[in-house]
Amino acid sequence: MENQSFGTLNKRVQYWYLPFILGIIFILLGIWIFMTPVASYLTLAVLFAYTFLIAGLIEVIYAISNRKHLQSWGWSLVSGIIGLLFGLLLLSRPEFSLITLGLLVGFGVLFYSFMALGRSMALRKYKIEDWGFSMVISIIGLILGFLMVWNPLLGGFTIVLYTAFSFITLGIFNIYISFMLKRLYKHTQDEELT
């Protein structure tokens with residue numbers, strides 16, 4: 001039986017490297033936030049807007065390019081569209097996002113962590129090795145997201161730290177998923193050659 005991930009895998013997963021690029025973006029953003037906490041709070045609204053726009057765009061491209069190969073490509077498409085809309089909201093109302101930064105970021109982190117949790121469960125369902133690691137990373141993201149939504153007024157510094165760690169966590173998850181997708185891609189390439 002052919003290995004499958006994220007639904008029915010007809011031939012191969014294309015553009016497996018897009019989650020890797022997204023992961024690098026998240027990790028670099030998290031490191032920058034850690035290194036500049038005061039300036040970060042003032043500029044997070046604009047950075048988050050662009051990050052969600054880019055992440056949403058990458059997710060939409062990934063979903064559309066794999067729509068014939070992945071049964072659950074619609075979830076990635078929805079995730080990308082919501083990311084794009086969230087980014088546009090933040091860009092259009094920066095004063096609003098500064099006031100409610102913790103809440104907005106918390107919901108964003110929760111959304112992407114729930115998506116990551118679903119993908120982890122798909123990895124488990126299709127007996128992909130190391131699915132537990134992605135599950136742990138997803139749960140860490142959920143915990144941090146819930147903390148931010150539960151009390152968004154923890155203070156600028158705390159929000160900055162949670163935000164930085166959440167982005168790094170999401171980045172690690174996306175890089176991990178890209179390597180799993182690459183492994184699936186190579187596996188299906190090998191099967192096509194035989």
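Author: Accessible areas here come from the Shrake-Rupley method with a 1.4 Å probe. This is a predicted model, and its chain has an accessible surface of about 9900 Å².

Reader: What share of the accessible surface belongs to carbon and sulfur atoms?

Author: For this chain, carbon and sulfur atoms hold 73% of that surface.

Reader: What are the elements of the chain, from the N terminus on?

Author: The order is α-α-α-α-α-α-α. That gives 7 helices and 0 strands.

Reader: How many of the residues count as buried?

Author: The chain has 194 residues, and 47% of them are counted as buried.

Reader: Which residues make the nonpolar surface patch?

Author: I31, F34, M35, L161 and F165 form it, over about 460 Å².

Reader: Which helices each supply at least two residues of the nonpolar patch?

Author: They are α1, spanning 18-35, and α7, spanning 156-193. The most comes from α1, which gives 3 residues.

Reader: Take M35. Where does M35 lie, and is M35 buried or exposed?

Author: M35 belongs to helix α1. Exposed means over 50% relative accessible area. M35 has a relative accessible area of 64%, so M35 is exposed. M35 is also one of the residues of the nonpolar patch.

Key:
Residues numbered from 1 in each chain as written. Predicted model: local features only at pLDDT ≥ 70, side-chain atom pairs only at ≥ 80, totals over all residues. Heavy atoms only, no water. Helix = DSSP H or I, 4+ residues; strand = E, 2+ residues; numbered from the N terminus. Buried < 20%, exposed > 50% of the residue type's maximum accessible area, 1.4 Å probe, protein only. Patch = residues over 30% accessible without salt bridge, like charges linked within 9 Å, V, L, I, M, F, W, Y side chains within 5 Å. Salt bridge = Lys/Arg side-chain N within 4 Å of Asp/Glu carboxyl O.
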